[in-house]
Structure formats: C-alpha cells, structure tokens
Amino acid sequence: MKRSLTHSFLEALRDTVNDLNHEASLKSFNPTITLLSALILTATASFSTGVKLPTLILLLSVALTLYARPSTYAWVKVVLIVALWSLLVSIPLAFITSGEIIASLPLGFATLRVSREGVNTLLAFTLRATSAAAIFTAFYQIIGWRGMVKGLRGLRVPSELTAMASLSITYIPLFLREAVRLLSAREARIMKKGRLRRVWWMLTTVIGDLMLKGYERAWRLEKALRAKSFVETSPRSAPLSSWRPLKAPDRLKDLGLMGLALFIPVLNLLIGP
Amino acid sequence: MLLKVEKVRFKYPGNVEVLRNASFNVDRGEVVAIIGSNGSGKTTLLLIAAGLLKPDSGLVLLDGEPLEKQLPEARRRIGLLFQDPDDQLFNPTVYDELAFTLRQLLSSEEEVKAKVSIFAEKFRLKGLLDKPPYRLSVGEKRRVTLASILIYDPDVLLLDEPTANLSSKSVEEVEQVVLEASEAGKAVVITSHDVEFVAKLANRVYVISNGLTLGGISTASALTDENLLALADMKPPIILRASKLLGFNVKEPPLTIEAFAKALNEGYRPS
C-alpha cells in the first residue's frame, strides 16, 4: 500500500532517531570533552561568516562519521534533511537582499529580482546550518545519546535539564511510533482516492489525538516517577565514573579533539571569511 | 490489615466520577484480586492505594496509619506495576531502571551494582542491562518492570493487569513472581481480566462496578457466582464451565486445570 508523505516522513524520522539512539560507538572518548568540542565546533559553524570555515567543518564531520561508523546512513539523512530545509527557508534571501541583479523572474503583476549577494547569503546560510548539523550529529554518533547526557552532567548542567534530555530520548521514539500508528489507523480507512485536501484534513486529526496521548503519557510518567521517589530531592544519578576508564592513548585522542575544536575558531580569525 | 482502602470517592477533572464508594483490604501473605470491566476504575483505585492520587473522600491506611502522612518514605513499602510497561520505564537503560530506587536507598554504587546483578540474574536480564527499555519485547519489558519494583523489597505489591498482552510463558513467569511474593509475606493486589490467572493465585476477589466494590469474598465463591462476574463483564473459568457442561458434581468446583485433574484422580466422573 502506498503511504502518505506525512506517514513516510514520520517513519523516516522515527528510524533516524532510533539509529542515532545507540550506545557510544567509541567509548574511548571522554563524553565531557567530546560534547564540549561538539558545542564549540557547532557554534563556530553556526556563527561563521563566509564559506571556508563551514566547508572545513563539514569535511571534518565527514571524516568523523567515517571514523566512528555507527550509522553513516542516519548521518546522511540528518544532513540532507537539514540542508533541504535550510535551503527552502532561505530562498527568500535571494530576492530580498539588495545587490547586483543576476536574474529576473516576471510573475505577471510583479517581477522578482535575484541578486548575487542574495544567492551568496542563501548558500552561506545553508552551508552554515548544514555543517553545524553535520558536525553535531557526527559527535553525537561518537558518544551516543547516553554519552551526551553524561557530557552534560560533566559540564555541570543543572540535573533537571539532563533528566529531561534523558527522558526525551525514551519518549521521542515512543511519540513518533504513536503518531505512525494513528496515521496507519486513519489511512487504513481511506477506501478510495479522494481529493488531497480531504485526505490531508483527515490525517491532520492525528494532531489532536497526539496531544491528548502526549498529555496522558506525561500524566502517567509523573505517577511512575513519583511511585519510585522515596525522597523529596532528585534521586542520585549514575556516577560518571561508570564510563570506561580512559588510558593514555585515549587521553591523547581527547587532547587532540579539544585542540582541534579550539584551533578551528582561531583559524577563522587567521584566514578570514 | 497491612493496606486498607476505605470508602474512597474520586472524580477526574470534568466531573467524571470514577469511584463512588470503593474499599478493599489486603494483609501480609495474601493475594487479592480486583476484577472489573474496562474503565471501571481499577487503575484509579490502585493509584489511590499507592498514594499517587488523592481521593475526594475516604481513607487509605498503611499499617493502620493514614498513608498520606507517611509519604514519600512510605513509597518504598509499596511497589506499583503499571499496566503499560512503557509508562513505567523512564530510564535510559535497563540497568538505570533497576538502579533508580536503589540509588535512593543504598549509599554506594558498588552496593547498587551488586543488587542489580542479583535481580538481573533472577529475571533473565543479564544481557539486556545496557539496552534502552523501550527497545525490548513486551515480555522483557514486563520482567524489567517486575524486577524494578521487587528490587527495593516493598511490603505491598499493586499489580495493574500484570498479564496484559503477555505470552503464556511470560504469564507463567508473572504467576511465579506473585506466588514467591505472597510466600515471602508480601501483600499482593492484582487487577486483571484474566480469570484463569485470578483463579490460580487469588485468595480473595473484589468486583468493581459503577465505582463500587463488591465481594471481598473467597476466590471460589466469587468465580462461581455468575451474576457477580457478569458485573465485571467476565465469565467463570473455562475449566469450571467445562466441568459443569460435563455434569461434574464435586464438592469444590474446579477453578484450575490442576484442581480438575485432581478431581479426576480422586475418581469423580461426569454424572
């Protein structure tokens, strides 16, 4: 049976989250240092000007993904989705940025003018967004979600935030799975090919159901948490030392990673946009 | 009585009255079943008994003292098993799920690790400790949820439909857990639609209907009373119905296959 675009998208999203939600592929990296490096490089890619630095970071993310190798396909999917999405939302930049006109698109009542500066801004924005997503996903693949949570704890982020991050990895796939089930139930009852608007209207009713189910699940989760909480304060978390003890070569790798993460922003200052 | 729930009333927002006058009690070493149709308020009653919902009126007593006054410390004396394991499993790994309560009770991670290891062995979870719980099968999830409440050794077990969606082998495992718990002197309350499961394990049965609890009588009396069972949208155990159809005339009607086999061995034959 042919699935709707929404259905296929949700399934793909669920699979991607599942693929990314794995154990650390390389336990030899310290989660705190890896997360800090990820944040530095993601921020550098996001706030960089020009194309050299984001391109360099994108290449670095490719190298990291090939090195870690847990699920290259999941990484490619994330990068492609982000690239397409950022390209889509930044299209107006090509028309609204003033500069040298390189093309005109007559639309009857008005003419859209594409400027060279606009196209450059569009491409730079897409490249920045893509490289930021690519480098963060690559690091994510190295230490896994649990490593990310441990890294957050290592960075002394408030425990409420780390608990939320920890819960989200359990509940995002469950939420997506529920959405797919609800969509399937609706699609199963579409007997004939109707007008797109009508079919779309029927499928959007999933949103209301999802909100209700989300509320109910949150209500029960709160009960489950309280049922196992014997003290008023938040329970003690797992010790960070449960991560595999790092040996000298691992520490060298950490040092190299941190050095690289700090060197790239400096490089930006040296070479310019 | 170890746990006593007396005349509780409860309304959900929107004036939805789920419980009007519900009571039950359970003592050490006893297994009590609460049966009722879908939406009859079984789960709500267990949440109230665990101190997770506050009744509009009525009392919950643990060891004769109001439960509300003993919270949150009293929660370590009550283990609540949720009907849907996905609602109960909120930790990133099976290990963390088992260790969640122990980290509140034990001082060192070594002690936590040792106890988790014992329960992982007992519930066949050794190879699953590093896995995220939501990726497990329903049977495995059920074993994790059971282990996660038994690991802190509560006095009262409140099991909400523990056999729902389980294979017959997994049902047997749950039966074994309930038997061991009652032999160890724990008070066990189960809600269920599975009449065979209730027949095998329960000492007493309550029926919940229209927000009222009825019964609290012996399992044999409750499960042979077709009118009482009809209130719970249930029928007597299949072996009891079969023996009636076959014209068995025995003093104690068989509720389980084992009891039926025993009756046959004792020489009872269809009349």
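**Reading the terms in a predicted two-chain model**

Q: Why is B:Asp233 called partly exposed?
A: In this predicted model, B:Asp233 has 13 other C-beta atoms within 10 Å. A residue with 12 or fewer would be exposed and one with 20 or more would be buried, so B:Asp233 falls in between as partly exposed.

Q: Where is B:Asp233 found, and what is noted about its phi?
A: B:Asp233 is in the loop between α10 (226–231) and α11 (238–245) of chain B. Its phi is positive, about 60 degrees, although the residue is not a glycine.

Q: Is B:Glu161 buried or exposed, and why?
A: B:Glu161 has 20 C-beta neighbours inside 10 Å. The cut-off for burial is 20 or more, and B:Glu161 therefore counts as buried. The residue lies in the loop between β7 (156–160) and α7 of chain B, and its phi is also positive, near 45 degrees, in a residue other than glycine.

Q: Why is B:Tyr134 called partly exposed?
A: The count for B:Tyr134 is 19 other C-beta atoms within 10 Å. Burial requires 20 or more, so B:Tyr134 remains partly exposed. This tyrosine is in the loop between α5 (109–122) and α6 of chain B.

Q: Which residues does B:Tyr134 touch, not counting residues up to four places away in sequence?
A: B:Tyr134 touches A:Thr170, A:Pro173 and A:Leu174 of chain A, and B:Asp86 and B:Leu89 of chain B.

Q: Which residues make the contact of α6(B) with α7(B)?
A: α6(B) contributes B:Gly139, B:Arg142, B:Arg143 and B:Leu146, and α7(B) contributes B:Ser170, B:Glu173, B:Val174 and B:Val177. By class, this contact has three nonpolar, two polar and three charged residues.

Q: What does the span of α5 of chain A show when set against that of a straight helix?
A: Helix α5 (residues 116–154) of chain A has 39 residues, and a straight helix would reach 57 Å at 1.5 Å a residue. The end C-alpha atoms of α5(A) are only 45 Å apart, short of that value. There is a kink of about 95 degrees in α5(A), centred on A:Gly144.

Q: What makes α5(A) mostly covered?
A: Of the 39 residues of α5(A), 29 are buried.

Q: How does the reach of α2 of chain A compare with expectation?
A: Helix α2 (residues 31–47) of chain A has 17 residues and reaches 24 Å from its first C-alpha to its last, close to the 24 Å expected at 1.5 Å a residue. Its buried residues include A:Pro31, A:Ile33, A:Leu35 and A:Leu41.

Q: What is the secondary structure of chain A?
A: Chain A has eight helices and two strands, in the pattern α-α-α-α-β-β-α-α-α-α along the sequence. Buried residues make up 29% of its 273 residues.

Q: Which helix gives the most to the side of chain B that touches chain A?
A: The contact takes 24 residues from chain B and 27 residues from chain A. On the chain B side, α3 (85–88) and α4 (94–105) each supply at least two residues, and α4(B) gives the most, with six. By class, this side of chain B has twelve nonpolar, three polar and nine charged residues.

Methods. Residues numbered from 1 in each chain as written. Chains lettered and ligands numbered in written order. Predicted model: local features only at pLDDT ≥ 70, side-chain atom pairs only at ≥ 80, totals over all residues. Contact = placed C-beta atoms within 7 Å. Helix = DSSP H or I, 4+ residues; strand = E, 2+ residues; numbered from the N terminus. Nonpolar A, V, L, I, M, F, W, Y, C, P; charged D, E, K, R; others polar. Expected span 1.5 Å × (residues − 1). Bend = angle between axes of the 7 residues up to and from the residue.
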